[in-house]
Amino acid sequence: MLNVEFQGTHVKTVRALLDTMKEMFTGPQPLIFSDEGLTIGNINSSKSAVMKLHIEPKFFTGYKISDDARFGLSIDNLVKVFSKSPKEKATVRLSFEDATNKVDIRYEESHVVTTYQLPMHVIEESKENLQILKKSIELPLNINISCPPGFLRERLADIVPAFGNSANKVVNIAFDPNTKSLCLKTGPDSTDFGATITIPESETIKIIATDDTKDVTTSDYDLEYLLMIQKLDAIADSVSIEFAQDRPLRILYSLADGHITFMTLFAPIEKDKDS
């Protein structure tokens, strides 16, 4: 038995999380409900992006489970349920009984109740994927940037106009320990158009290097992936960006007064050995 409920602005937060997940993944997503809350972890088909979401029980206005529950729900169906803009007093209740193979989602708004039935999917978690998820969280990365909400979204808005679209475009992220500054660079494209942003450390942007190297740390990433998650940047309580020389980029969001953590890891783009 499972019965969880959330209300108001939390409905909007869940909608933003679902929209972000749909950008990154397709098909059924594995949901795990336990005494510690809801956990969703997945790896995209090319293994170039990893995501782990954890929502604590305190986020919900009601959270009741009889046993740990593991099942899959279509991300497309979930997005459909949350497609309309919720009002301040909207209430969503998700429930299922062990004897059924469907999940009921009850959406109440202004005394109007809509109930959706979503088919459950059996999710077989491979040992390889579980190991990748575990390593993604524990992977040591020597540059850590703590920044305010909206920072990443605003900086991407500065450099994206350099391109008509973001497909197959690269953003270079670099940290210079000598100037204690962060640099984001895109381009040049086929017309030699590009953009470079230099961001010094400040009271709101803290940069920590866990080693004593005096060399610039730099790595290339897919711009499209960064644009996929920028919606969360606008509603997060805090944001942490971690990277290392030619290693993955890890972004950690804390949302809903710390009751939600969203981690995503993007593989670096390999540099041309001849360049």
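A cavity, on a 1 Å grid over the protein atoms alone, is a set of points where a 1.4 Å probe fits but cannot get out, and its lining residues have an atom within 4 Å of a point. Volumes are the space filled by probe spheres set on the points, with grid points joined across faces, edges and corners.

Colleagues, the model before you is predicted: local features need pLDDT of at least 70, side-chain atom pairs count only at pLDDT 80 or more, and totals for chains, interfaces and linings use all residues. Residues are numbered from 1 along each chain as its sequence is written, and side-chain values use heavy atoms, leaving out hydrogens and water.

I begin with the cavities. The structure holds two of 30 Å³ or more.

The largest cavity has a volume of about 240 Å³. Among its 19 lining residues, V14, L18, L31, L38 and L94 are the closest to the centre. Which element supplies the largest share of this lining? Helix 1 does, with four residues.

I turn now to the packing. A nonpolar core is a set of buried Ala, Val, Leu, Ile, Met, Phe, Trp, Tyr and Cys residues joined through side-chain atoms within 4.5 Å, where buried means under 20% relative accessible area with a 1.4 Å probe, protein chains only. The largest core has 75 residues, of which F33 and Y253 touch the most other members. Helix 1 (residues 9-24) contributes the most to this core, seven residues. Apart from it lies another core of eight residues, including I43, V50, L139 and L141.

Beyond four places in sequence, Y253 has contacts (heavy atoms within 4.5 Å) that include L152, I229, L232 and F262.

Finally, the cysteines. Taking a disulfide as a pair of cysteine sulfur atoms within 2.5 Å, the count is zero. C147 is buried, with a relative accessible area of 5%.

Methods: Buried < 20%, exposed > 50% of the residue type's maximum accessible area, 1.4 Å probe, protein only. Helix = DSSP H or I, 4+ residues; strand = E, 2+ residues; numbered from the N terminus. 1 Å grid on protein atoms, 1.4 Å probe; cavity = no way out; pocket = protein on both sides within 12 Å on 5 of 7 lines; lining within 4 Å.
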